[in-house]
Amino acid sequence: MSRIVIIGGGPAGYEAALVAAQLDADVTVVEADGAGGACVLHDCVPSKTFIASSEVVTSYRDTEEFGVHYEGAGTVTVDAAAVHGRVKRLALAQSGDIHAKLIKAGVTLVKGTAKMGDDTLGHTHRVRVRPADGDAEYAIDASTVLIATGATPRRLASALPDGERILTWRQVYDLPALPEHLIVIGSGVTGAEFASSYLAMGVPVTLVSSRDRVMPHEDADAAMAIERVFRARGMTILNNSRADAVKRVGDGVEVTLADGRVVTGSHALMAVGSIPNTTDLGLTEYGVNVGPGGYVTVDRVSRTNVPGVYAAGDCTGVLPLASVAAMQGRIAMWHALGEAVAPLRLRTVAANVFTDPELATVGVSQADVDSGKVPARQVMLPLAGNARAKMAGLDDGFIKLFCRPASGIVVGGVVVAPRASELIMPLTMAVENHMTVDQLAHTITIYPSLSGSLAEAARQLMQHDVE
């Protein structure tokens with residue numbers, strides 16, 4: 001029987017463990033925090049639960065347009081303690097569900113940490129395990145090791161979090177009340193999501209962006225559309241502004257920008273990226289290649305340069321998405337245990353930013369098309385022309401579709417809309433299965449529905465199918 005040791009119990013680790021157990025391997029998962037890892041306990045699950053609370057508040061916005069009026073004061077208040085309590089309960093519940101699933105599958109779970117051993121024995125790898133309960137360290141010799149240790153919020157020496165006024169995104173759920181004025185440092189996906197959520201909850205938000213627009217790595221049309229929404233709803237966005245330092249001053253914070261300006265608020269949220277958890281694993285000593293920034297170097301089937309040692313998830317820096325981490329982990333086990341497996345294909349991966357509205361993408365990007373890297377035709381339909389959008393009072397957002405110039409094969413898409421994370425699925429299937437705009441256009445959609453705009457975009461591209 002193959003013996004597998006997985007260091008890390010997040011999406012990459014636990015999904016890999018389930019695959020390996022299904023293939024009758026002896027599987028041990030070593031995880032410091034609990035089943036699901038940081039993704040479930042501190043990052044993705046908590047943040048999206050928090051966002052769900054902000055969406056409830058959003059549903060009360062501009063109801064007069066629909067003929068719905070409040071009695072009395074008509075104000076919506078947010079109980080921070082209740083919101084944070086729900087976030088933590090759901091995270092623990094999800095972790096518990098994953099734990100139960102792993103145990104049922106026959107996986108051995110060890111609460112603690114691990115590192116690669118000092119030597120190898122033939123075709124096995126020695127892993128040294130340090131239990132969290134204080135028991136003595138012990139070794140496991142395994143045929144395959146998967147490194148799935150994830151990443152941690154990046155900390156800047158000039159803006160060290162204190163957990164009270166200067167915060168990482170993992171610390172916001174310990175606040176006794178909502179911030180009076182939140183300054184978000186960093187306008188990438190994480191910064192934009194939290195800025196959007198706090199703004200919806202009625203918190204004044206200042207977003208400090210080092211680039212000329214928010215979410216600079218996302219589709220430019222989509223990012224600018226969301227930035228317009230942010231500004232229209234009262235968010236202060238400081239573009240081309242880099243934060244040099246953040247310090248606590250009394251019951252607030254001061255953020256000093258590179259140009260000398262000082263921005264004050266009650267709290268600062270640091271959203272300046274993550275660093276991989278790879279420093280204490282003994283990887284370099286073991287001979288595993290670790291690239292710039294501490295990321296483990298892997299190929300498209302999750303192999304490192306050392307035979308039998310694989311890596312998956314955020315510690316690889318391939319694409320920081322839970323869905324990608326999970327697939328990397330599954331691929332690693334299928335490959336290690338001799339199953340037929342297709343290499344990871346990032347071109348078919350859908351991604352979503354959980355702002356309001358959401359931003360979802362799949363396949364080729366606008367930058368790829370504009371640069372000539374990928375030849376494609378495109379169409380962009382404003383959501384405001386969709387009947388269902390009009391009924392729901394949705395003025396912001398659009399559908400963008402890319403296809404091959406001659407064949408009409410769908411190669412990418414962008415959706416900016418409420419629940420874009422759901423709307424992107426048909427386009428993801430089209431990209432994955434090499435469907436044409438003709439096939440999309442001939443698919444009957446519900447009327448009225450937002451998904452009808454997907455078919456309409458395809459119809460507008462049909463006329464050029466044959467050149």
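Most residues other than glycine have a negative phi, and most peptide bonds are trans.

**Before going further**

This is a predicted model, in which local features need pLDDT of at least 70 and side-chain atom pairs count only at pLDDT 80 or more, while totals for chains, interfaces and linings use all residues. Residues are numbered from 1 along each chain as its sequence is written, and side-chain values use heavy atoms, with hydrogens and water left out. Helices (H or I, at least four residues) and strands (E, at least two) are DSSP runs, numbered from the N terminus.

**Stop 1**

Select residues 350–457 next. In an unreviewed entry, UniProt lists this range as "domain: Pyridine nucleotide-disulphide oxidoreductase dimerisation"; UniProt positions are given in the numbering used here, feature names are shortened, and annotations may be inferred rather than shown by experiment. Over residues 350–457 the chain is 32% helix and 27% strand, with its end C-alpha atoms 19 Å apart.

Two strands pair if DSSP finds at least two bridges between them.

Zoom in on β20 and β21 (residues 398–403), which pair in the antiparallel sense over 6 bridges. Here Val-379 stands opposite Leu-401 in β21.

**Stop 1: two cis bonds**

Pick Asp-356 and Pro-357: a cis peptide bond joins them, with omega about 0°. Pro-357 is found in the loop between β18 and β19. For the other cis bond on this tour, go from Tyr-447 to Pro-448, where omega is near -5°. Pro-448 sits in the loop between α12 (437–441) and α13 (452–462).

**Stop 2: the spaces around Asp-356**

On a 1 Å grid over the protein atoms alone, a cavity is a set of points where a 1.4 Å probe fits but cannot get out, and a pocket is an open set with protein on both sides within 12 Å along at least five of seven lines; lining residues have an atom within 4 Å of a point. Grid points are joined across faces, edges and corners, and a volume is the space filled by probe spheres set on the points.

How many cavities of 30 Å³ or more does the structure hold? There are 2.

- The largest cavity has a volume of about 50 Å³. Its lining includes Ile-51, Glu-55, Thr-58, Phe-354 and Asp-356, and α3 and α5 (189–200) are the elements that give two or more residues to it.
- The second largest cavity holds about 30 Å³ of space. Select Arg-61, Ser-196, Leu-199, Ala-200, Phe-230, Arg-233 and Asp-356 to see its lining. The largest share of that lining, 3 residues, comes from α5.

Asp-356 also belongs to the lining of the second largest pocket, where Thr-58, Arg-61, Asp-356, Leu-394 and Pro-418 lie nearest the centre among 21 lining residues. This pocket contains about 730 Å³ of space, and α3 (44–58) and α10 (387–392) each supply at least two residues of its lining. The lining divides into 6 nonpolar, 4 polar and 11 charged residues. Ala, Val, Leu, Ile, Met, Phe, Trp, Tyr, Cys and Pro count as nonpolar, Asp, Glu, Lys and Arg as charged, and the others, Gly among them, as polar.

**Stop 4**

Strand β13 (residues 252–257) is joined to β14 by 4 bridges, and Val-255 stands opposite Val-263 in β14.
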